[in-house]
Amino acid sequence: SSTSRGLGDVYKRQIKDLNPNFVIFDRFTTEEQFGWKVSEMCPEAVRILDTEDLHFLRKARENSFKQNKIAEDKDLISDVFKRETASILRCDFSLIISEFEMKLLTEKFKIDETILHYLPLFAEIKPAERSFYERKNFVSIGNFLHEPNWQTVLKLKKIWPEIRKKLPEAEMHIYGAYVTEKARQLHNGKDKFLIKGRAESVEKIFENARLLLAPIPFGAGIKGKLLDSMVNGLPSVTSTIGAEGMNGNMDWNGHITDNDSDFVKKAVDLYNNENEWKKAQQNGYKIIESRFK
């Protein structure tokens, strides 16, 4: 339409006037929309794609989860895969935050490593002020509109009765922005499964909780909630997908399991065992110091 052509001309003039030396695209969809304009108006500019995480990987895993199966290599090849990898190939280099995703792109899909740059999230330890016995309850956190987070909440709702049988005084606190009506319906004060809503301070919440639970069923990239838990000295129990790309060969700051009954057992054991809890906390600090500084 004439309107879209007019906007396109405006964008091109703005880009030409700015005449940048470097251009960073926030995710591949932004590069699709503006990359050709940058190439036309500023052909010498270095084009950088900030992938955040690999969207084609997350989408393939989500589709497989809905089909109650594990994502296979063939499931990764999709329209999103073609678009995202095309965007990577058009740019001078792309920022990849997950070690797992670096290996996937270079080893599985043979993308030249010289156009990829592994740049994990940065973090700095905040020494915990509260001891094991000064903390209580379980916590989980995540934007309710993000499907992996929502499915994590549903998983917690499913396994919580088994945890509560063994720890009747403990509470499950679920934090996250954009609480939906279906999320509110999960709130149950009697069962101590509490939908808390938006977190005013992640740091304060994490320093008061004893354990983070994150049975994340699918996703991609580095999980911010798990990085934050290590930073704040809060051990966690999570899934293979949750821990992916974070600890390398180092011991996790808690436990990693994809089995529901094992998840319950490990959560209860870690909640009750001060020595194991302290060891898990130190493991988290070591991961931050070694891999995210």
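Modeller: Leaving aside its neighbours within four places in sequence, Thr85 is in contact with Phe56 and Ile111. Contact here means heavy atoms within 4.5 Å. This is a predicted model, so local features need pLDDT of at least 70 and side-chain atom pairs count only at pLDDT 80 or more, while totals for chains, interfaces and linings use all residues. Residues are numbered from 1 along each chain as its sequence is written, and side-chain values use heavy atoms, with hydrogens and water left out.

Biologist: Where does Thr85 sit, and why does Thr85 count as buried?

Modeller: Thr85 is in helix 5. Helices are DSSP runs of H or I with at least four residues, strands are runs of E with at least two, and both are numbered from the N terminus. Buried means under 20% relative accessible area, exposed over 50%, and partly exposed in between, with a 1.4 Å probe and protein chains only. Thr85 has 9% relative accessibility, so Thr85 counts as buried.

Biologist: Is Asn137 buried or exposed, and is Tyr178 buried or exposed?

Modeller: Asn137, in the loop between strand 4 and strand 5 (138-141), has a relative accessible area of 7%, so the label is buried. Tyr178, in the loop between strand 6 and helix 8 (181-184), has 56%, so the label is exposed.

Biologist: What makes the phi values of these two worth a look?

Modeller: Most residues other than glycine have a negative phi. Asn137 has a positive phi of about 80°, and Tyr178 has a positive phi near 60°.

Biologist: How do you know how helix 3 and helix 6 are oriented?

Modeller: Helix 3 and helix 6 pack at an angle of about 95°, with their axes 11 Å apart. Axes are lines fitted to C-alpha atoms, for helices over the stretch in contact, and angles run from 0 to 180 degrees between N-to-C directions. Under 35 degrees counts as roughly parallel, over 145 as roughly antiparallel, 65 to 115 as roughly perpendicular, and the rest as oblique. That makes helix 3 roughly perpendicular to helix 6. The contact is made by Phe56, Leu57 and Arg61 of helix 3 and by Phe100, Glu101, Leu104 and Leu105 of helix 6.

Biologist: Which residues of helix 6 are buried, and what covers them?

Modeller: Glu101, Met102, Leu104, Leu105 and Thr106 are buried in helix 6 (residues 99-108). The cover includes helix 3 (55-66), helix 5 (79-90) and strand 4 (116-118).

Biologist: On to the sheet: what makes strand 7 an edge strand?

Modeller: Two strands pair if DSSP finds at least two bridges between them. 6 strands form an open sheet in the order 7-6-5-8-9-10, with parallel pairing. Strand 7 and strand 10 (254-256) each pair on one side only, and these are the edge strands.

Biologist: How do you know that strand 6 and strand 7 pair?

Modeller: They have 4 bridges, in the parallel sense, and at least two are needed. Phe193 in strand 7 is the bridge partner of Met172.

Biologist: Why is a group of residues called a nonpolar core?

Modeller: A nonpolar core is a set of buried Ala, Val, Leu, Ile, Met, Phe, Trp, Tyr and Cys residues joined through side-chain atoms within 4.5 Å. The largest has 29 residues, of which Phe138, Ile163, Phe193 and Leu213 touch the most other members. Strand 7 (193-197) and helix 7 (147-166) are among the elements that each supply at least two residues of this core.
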